[in-house]
Amino acid sequence: MVEREIRTVYRRSAMAEAPGRILILIKPDAVQRHLTGEILRRIDAKGYDLIALRREIATPEILQRHYAEHVDKPFYPSIVEYMTSGPLVAVVARGHRVVEGLRSLIGPTDPTTAPPGTIRGDLGRDWGTDAIENLIHGSDSDESAEREIAIWFPELAE
């Protein structure tokens with residue numbers, strides 16, 4: 001009887017969680033500073049599933065698709081220079097309210113003012129460069145996540 005009740009509770013719990021997905025980019029400054037493991041550890045410790053991971057050097061073409069809304073802005077060339085300066089790690093994570101949860105874990109864009117306890121607040125700083133070197137990117141909505149996952153992991157496109 002007890003075993004049957006446990007299975008029922010587990011099924012209800014699994015059904016209640018409609019997992020979302022997010023694209024995380026561990027940027028070249030984090031890879032160069034050997035922070036990839038620490039960043040992945042924090043995501044894993046939060047309880048999200050890491051379902052895909054790839055280390056690569058971004059191309060200007062993939063960045064143009066990823067940052068499509070910024071291509072015509074004056075700061076765009078510095079983003080491309082920064083993001084192609086070395087390898088990055090692209091990750092897809094999955095879980096209930098994953099975008100909201102990981103955006104909270106990542107912290108605000110500016111690493112100088114990001115609160116302690118966040119990835120950017122604990123590990124990032126302003127280096128005085130043209131691009132904001134803030135260690136990590138996380139999709140800002142479920143829609144952006146699916147668009148970005150399709151760019152970096154076309155085999156996972158929904």
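User: What pattern does the chain follow, read along the sequence?
Analyst: Helices (H or I, at least four residues) and strands (E, at least two) are DSSP runs here, numbered from the N terminus. On that basis the chain has 8 helices and 4 strands. Read along the sequence, they give the pattern α-β-α-α-β-α-α-β-α-α-β-α.

User: What pLDDT does the chain average?
Analyst: This is a predicted model, where local features need pLDDT of at least 70, side-chain atom pairs count only at pLDDT 80 or more, and totals for chains, interfaces and linings use all residues. Residues are numbered from 1 along each chain as its sequence is written, and side-chain values use heavy atoms, with hydrogens and water left out. pLDDT is the predictor's confidence in each residue, from 0 to 100. Here 89% of the residues score at least 70, and the chain averages a pLDDT of 90.

User: How much of the chain counts as buried?
Analyst: Buried means under 20% relative accessible area, exposed over 50%, and partly exposed in between (1.4 Å probe, protein chains only). Of the 158 residues of the chain, the buried share is 44%.

User: Is histidine 66 buried or exposed?
Analyst: Histidine 66 sits in helix α4 (residues 60–66). Leaving aside neighbours within four places in sequence, histidine 66 touches Leu23, Leu25, His137, Arg147, Glu148, Ile151 and Trp152. With a relative accessible area of 1%, histidine 66 is buried.

User: Why do the buried residues of α6 line one face of the helix?
Analyst: In α6 (residues 98–106), the buried ones are Val98, Val99, Gly101, Leu102, Leu105 and Ile106. An α-helix has 3.6 residues a turn, so residues three or four places apart point the same way. The buried residues of α6 pack against β1 (20–26), α3 (36–45), β3 (88–95), α7 (119–123), β4 and α8. They line one face because, seen down the axis (taking directions from the helix axis to the C-beta atoms), they fall within an arc of 165 degrees.

User: And α5, how many of its residues are buried?
Analyst: Tyr76, Ser78, Ile79, Val80, Tyr82 and Met83 are the buried ones in α5. They pack against β1, α2 (28–32), α4 and β3. α5 is largely enclosed by the rest of the structure, because its buried count is 6 of the 8 residues.

User: Which helix gives the most to the lining of the largest pocket?
Analyst: A pocket is an open set of points on a 1 Å grid over the protein atoms alone, where a 1.4 Å probe fits, with protein on both sides within 12 Å along at least five of seven lines; lining residues have an atom within 4 Å of a point. This pocket is lined by 25 residues, and Lys27, Tyr67, His70, Thr109 and His137 lie nearest its centre. At least two lining residues each come from α5 (76–83), β4 (136–138) and α8 (142–152). The top contributor, with 4 residues, is α5.

User: How far apart are the C-alpha atoms of glutamate 38 and leucine 123?
Analyst: Glutamate 38 lies in helix α3 and counts as partly exposed at 25% relative accessibility. Glutamate 38 and leucine 123 are 85 residues apart along the chain, yet their C-alpha atoms are separated by 9.5 Å.

Definitions and conventions: Contact means heavy atoms within 4.5 Å.
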